[in-house]
Amino acid sequence: MSNNIPSDLKYTKSHEWVRQAQNGALEIGITDHAQSALGDLVFVEVPDVGRALREGEACAVVESVKAASDVYSPLAGKVVANNSALSGKPELLNEDPYGAGWLFRLETSSGANTASLMSASAYESFLAEEAK
Amino acid sequence: MAFIPHTPDDIARMLEVIGARSVEDLFDEIPAELRAGVLNVPAPLSEMEIARLMTERAAIDGRPLNFIGAGAYEHHIPAPVWAIATRGEFYSAYTPYQAEASQGTLQLIYEYQSMMCALTGMEVSNASLYDGASALAEACLMAVRSNRGSSSRRILMPRTVNPTYAQVAQAIAGNQDISFVPVDFDRTAGRTLLDALKPHGGQDFTALVVQQPNFFGSLEEVDALTDWAHENKIMLIAVVNPTSLALLKPPGEWGAVIGGARGADIVCGEGQALGVPLSSGGPYFGFMATRMHYVRQMPGRIVGGTVDMEGRPGFTLTLQAREQHIRRSKATSNICTNQGLMVTAATIYMSLLGPRGLEAVAQASMQRTHDLVSALSKVPGVKRAFTAPHFHEAVLLLDRPPAAILAALSRRGILGGLDLSERYPELGHAMLVCATETKFDADIDAYASALADVMSASRAAA
């Protein structure tokens with residue numbers, strides 16, 4: 001199982017990663033572990049720009065030949081950008097889950113609670129625990 | 001593990017492991033008042049007994065001369081259709097498990113989908129749904145998933161849509177927080193009133209349903225309706241009769257190009273007219289087609305063309321990640337079943353007739369209905385209700401309640417039409433009549449003279 005967990009990102013229990021992007025927005029994708037578990041992706045649906053999301057709201061779908069999973073918004077906020085390249089090349093998410101395979105950018109509501117997110121080391125132990 | 005039922009011992013051991021006292025306990029979450037209790041099922045019958053029972057039941061129907069349509073149509077079914085459909089290679093109600101091992105079945109469904117796309121002018125069709133009414137309910141659910149610009153979950157449902165379909169859509173989609181707003185019709189023309197839509201312009205609606213021909217048999221102004229919907233960012237759900245598409249403009253070409261797209265967004269309907277007998281109401285099949293853009297929101301199975309490892313053409317079930325065996329409760333549908341055998345018959349029917357044959361059926365049905373309406377309107381106390389052009393059905397107005405008239409005709413072996421007075425009290429003494437290519441001049445004459453008799457007897461008795 002592939003397990004690349006960059007130390008500069010935050011993580012969720014539902015296997016999303018969160019990056020502090022420039023101008024205060026957060027960039028969100030799914031982890032290397034998640035893409036590897038799903039297998040070759042054939043379709044990725046990202047949320048529309050302008051959509052308001054609640055924390056934990058299902059907002060994107062990643063679909064492989066044999067499975068489809070929802071992606072949940074780690075925090076409440078408004079979608080300010082989405083990765084439209086994925087509609088033509090879903091494999092970007094398999095090849096580069098933390099880079100070209102990003103899903104969307106979120107402008108969080110004031111007072112968004114980042115405390116619930118995990119550090120890389122916490123996510124690593126979480127994965128180890130899940131694997132038991 | 002042997003494939004045998006659980007013994008009482010097995011059951012007791014399993015219950016013990018999970019800590020349940022009885023199998024009944026497993027259904028605890030279903031409130032007592034919703035349980036069926038004791039089912040009143042009669043004792044089993046032998047093959048001989050059941051054959052006699054069914055023969056007796058069938059005899060009750062008799063061989064009436066039928067002028068009722070209203071969603072199910074009596075068309076001639078060429079003998080090869082069911083001779084081929086019931087061959088062992090085809091004779092199954094379902095898409096097979098291990099579908100790809102049954103390339104012939106998949107190819108047939110693929111051909112069916114291609115034919116439905118050609119008829120409707122759409123880009124992709126599914127492998128069929130349960131029936132026309134539930135296909136409309138599914139189309140409404142699909143529109144709610146697909147129309148990202150709308151959050152209202154409100155759907156405009158004209159009163160010219162088959163009222164049974166509207167009722168089924170309400171029963172299925174209404175429980176998913178979707179509401180239906182009726183749209184009135186023009187009492188003179190017998191089609192949806194464009195002016196009745198105007199007040200809804202600029203508001204958040206998810207979809208507009210348009211049935212063509214509508215429940216009254218009248219032709220709707222589909223271009224204007226489609227454009228109005230698209231100008232207001234409302235999806236257009238077309239409910240169509242597949243036979244009529246041999247003559248009418250396909251829904252994929254309704255209206256103008258607005259926002260880069262043209263025509264209906266979702267097309268659905270009842271497929272029974274394509275080679276499936278009336279058969280006391282079923283089994284029939286529903287169909288659904290859409291644009292590629294919405295394919296992931298479409299319920300039901302889809303067969304795709306592909307190549308095998310050696311590059312040879314083959315067929316496969318595709319986009320299965322939308323379906324319930326993979327997506328579980330988040331599947332595009334959990335009530336969609338495909339009507340494999342009915343689709344087999346329909347595909348053979350369409351193959352045998354071809355585009356010209358289907359057009360001849362549509363032409364003849366339309367002509368027969370025009371002949372019928374003209375013959376019946378000459379009967380004193382009978383007139384046409386609406387002025388809009390019609391396909392193979394029309395509404396007639398009587399000078400007295402249709403119920404007694406239709407009952408008297410039925411005693412003479414004629415099913416004269418469908419009484420509309422309960423569904424549409426504002427129309428008065430209205431009934432819906434239909435004639436397909438199966439009706440000869442003599443049949444129409446027989447109906448007209450029987451109607452004249454029955455009407456005058458009723459007048460004399462009053």
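**Exercise 1. Determine how many residues of chain A are in contact with chain B, and classify the residues on the chain A side.**

Solution. Step 1: two residues are in contact if their C-beta atoms, placed from the backbone, lie within 7 Å. By this criterion, 6 residues of chain A are in contact with 5 residues of chain B. Step 2: the classes are nonpolar (Ala, Val, Leu, Ile, Met, Phe, Trp, Tyr, Cys and Pro), charged (Asp, Glu, Lys and Arg) and polar (the others, Gly among them). The side of chain A that touches chain B comprises 3 nonpolar, no polar and 3 charged residues.

The model is a predicted one, in which local features need pLDDT of at least 70 and side-chain atom pairs count only at pLDDT 80 or more, whereas totals for chains, interfaces and linings use all residues. Residues are numbered from 1 along each chain as its sequence is written, and chains are lettered from A and ligands numbered from 1 in the order in which they are written.

**Exercise 2. Describe how α5 and α6 of chain B pack against each other.**

Solution. Step 1: helices (H or I, at least four residues) and strands (E, at least two) are DSSP runs, numbered from the N terminus. Here α5(B) spans residues 132-146 and α6(B) spans residues 163-173.

Step 1: axes are lines fitted to C-alpha atoms, for helices over the stretch in contact, and angles run from 0 to 180 degrees between N-to-C directions. The two axes come within 8 Å and cross at roughly 50 degrees. Angles under 35 degrees count as roughly parallel, over 145 as roughly antiparallel, 65 to 115 as roughly perpendicular and the rest as oblique. The helices α5(B) and α6(B) are therefore oblique to each other.

Step 2: a crossing is left-handed if the near helix is turned anticlockwise from the far one by less than a right angle, and right-handed if clockwise. The crossing of α5(B) with α6(B) is right-handed.

Step 3: the residues contributed by α5(B) include B:Leu136, B:Ala137, B:Cys140 and B:Leu141, and those contributed by α6(B) include B:Val168, B:Ala169 and B:Ile172. By class, this contact has 10 nonpolar, 3 polar and no charged residues.

**Exercise 3. Identify which residues of α6(B) are buried, and where they lie around the axis.**

Solution. Step 1: a residue is buried if 20 or more other C-beta atoms lie within 10 Å of its own, exposed if 12 or fewer, and partly exposed in between, with C-beta atoms placed from the backbone. In α6(B), the buried residues are B:Tyr165, B:Ala166, B:Val168, B:Ala169 and B:Ala173. Step 2: they cover an arc (taken from the directions from the helix axis to the C-beta atoms) of only 165 degrees, which puts them on the same side of α6(B). Step 3: their cover includes α5, β3 (154-158), β4 (179-183) and β8 (235-240) of chain B.

**Exercise 4. Is A:Tyr123 buried or exposed, and which residues does A:Tyr123 contact?**

Solution. Step 1: A:Tyr123 belongs to helix α4 (residues 120-131) of chain A. Because A:Tyr123 has 22 C-beta neighbours inside 10 Å, this residue counts as buried. Step 2: leaving aside neighbours within four places in sequence, A:Tyr123 is in contact with A:Ile5, A:Tyr11 and A:Met118.
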